[in-house]
Amino acid sequence: AKDGVYLSDFPRPVGELLIPTGGRADAMVRCNSVGSTTYSAIDREVMRVVVKELEGSSMKDNDLIPWAPEVLPKYLQDLTTSKVSPGCSCDTKFSGEGDHSYVNGRSYLSGNHYLHSSYLGAVVERHLSFEKEHSYHQHVYPFQLVSDDFSSNYFQMGDWHDSYMDGDRGAAIRYMPTVLSGKIMIHCHNNIHSDRGMLAKEYVLNITNGQCQCDIFGSINGSGIVDDVGPILQPTADPKSGASRSMMTILALTGSAFAAVI
């Protein structure tokens, strides 16, 4: 399983686990001979598995039985061959780093300021691209990989994630908002990058016969808004921190206050 969603092609042998920053994976380690194996992450040994043979024991190398969940919730239905809803295919690009961290060329603005929008029941597609290595993370709804150009079979078309990073390779993803409407945060899972502006909001309208918008770079209004989208808070440069005061204020808030201003 990856990011809490089972694979559809278990068992899938992989030589390495390319877990993105902020990603999760459940992996089975299978040993079929006596000896030891070392597992490393970021050039550091994190686990060593030692297999010893006990007197009178026997080892079998039976094939693993293929398995997949019999029932999936609506938001995890296969979208690889689905038709994208009109106007719902948008580009999302992460670029820069440090004090110059952007989504589609712009730093984060709080309040009623959105990147893309969709609606309940829409088949939503995003074309992800990266200027450098960045981990794309999406809140609320997991997304399905619908492209097939990856560096490893850890990523395959049809897999579900909420975090993605394969070097600086882009990807096409799809998801379907089903029940939860309102804000969806997207951001780089390198906290330094997201804190400095590499995050943005999408909005899912609480209507089923709506229209998507790409590159809004501003406010939304009309039917389907379910919460207080709030005013736009323009950033004010803070020469000591290199970040905006409005952004630092938002990050300091918690609970319902945070939900009201993002």
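## Cavity

Strands, as the term is used here, are DSSP runs of E with at least two residues, numbered from the N terminus. Strand β13, which covers residues 199-205, gives the most to the lining of the largest cavity, with 3 residues. The model is a predicted one.

A search of the whole structure finds 1 cavity of 30 Å³ or more. The volume of the largest cavity is about 100 Å³. Its lining consists of V103, R106, S107, Y108, L109, H113, Y114, L115, L199, A200, K201 and F217. Sorted by class, this lining holds 8 nonpolar, 2 polar and 2 charged residues.

## Largest pocket

The largest pocket has a volume of about 1,000 Å³. It is lined by 28 residues, and those closest to its centre are R12, V14, L17, A27 and M28. Two or more lining residues come from each of the elements β1 (35-41) and β2 (44-51). Of these elements, β1 gives the most to the lining of the largest pocket, with 4 residues.

In terms of residue class, the lining of the largest pocket divides into 20 nonpolar, 3 polar and 5 charged residues.

## Second largest pocket

The second largest pocket holds about 330 Å³ of space. Its lining comprises 13 residues, and L17, L18, I19, P20 and I42 lie nearest its centre. L17 is also among the residues closest to the centre of the largest pocket.

The lining of the second largest pocket divides by class into 7 nonpolar, 4 polar and 2 charged residues.

S151 is placed in the loop between β8 (143-145) and β9 (160-161). With a relative accessible area of 43%, S151 is classed as partly exposed, because that class lies between the cut-offs of under 20% for buried and over 50% for exposed.

When neighbours within four places in sequence are left aside, S151 is in contact with L18, D166 and R169. One of these residues, L18, is also among those nearest the centre of the second largest pocket. With D166, S151 makes a polar contact from side chain to side chain, at 2.4 Å. S151 and G167 are 16 residues apart in sequence, and their C-alpha atoms are 8.4 Å apart in space.

Note on methods
Residues numbered from 1 in each chain as written. Predicted model: local features only at pLDDT ≥ 70, side-chain atom pairs only at ≥ 80, totals over all residues. Heavy atoms only, no water. Buried < 20%, exposed > 50% of the residue type's maximum accessible area, 1.4 Å probe, protein only. Contact = heavy atoms within 4.5 Å. Polar contact = N/O pair within 3.5 Å; in protein donor to acceptor, adjacent residues only side chain to side chain. 1 Å grid on protein atoms, 1.4 Å probe; cavity = no way out; pocket = protein on both sides within 12 Å on 5 of 7 lines; lining within 4 Å. Points joined across faces, edges and corners; volume = space filled by probe spheres on them. Nonpolar A, V, L, I, M, F, W, Y, C, P; charged D, E, K, R; others polar.
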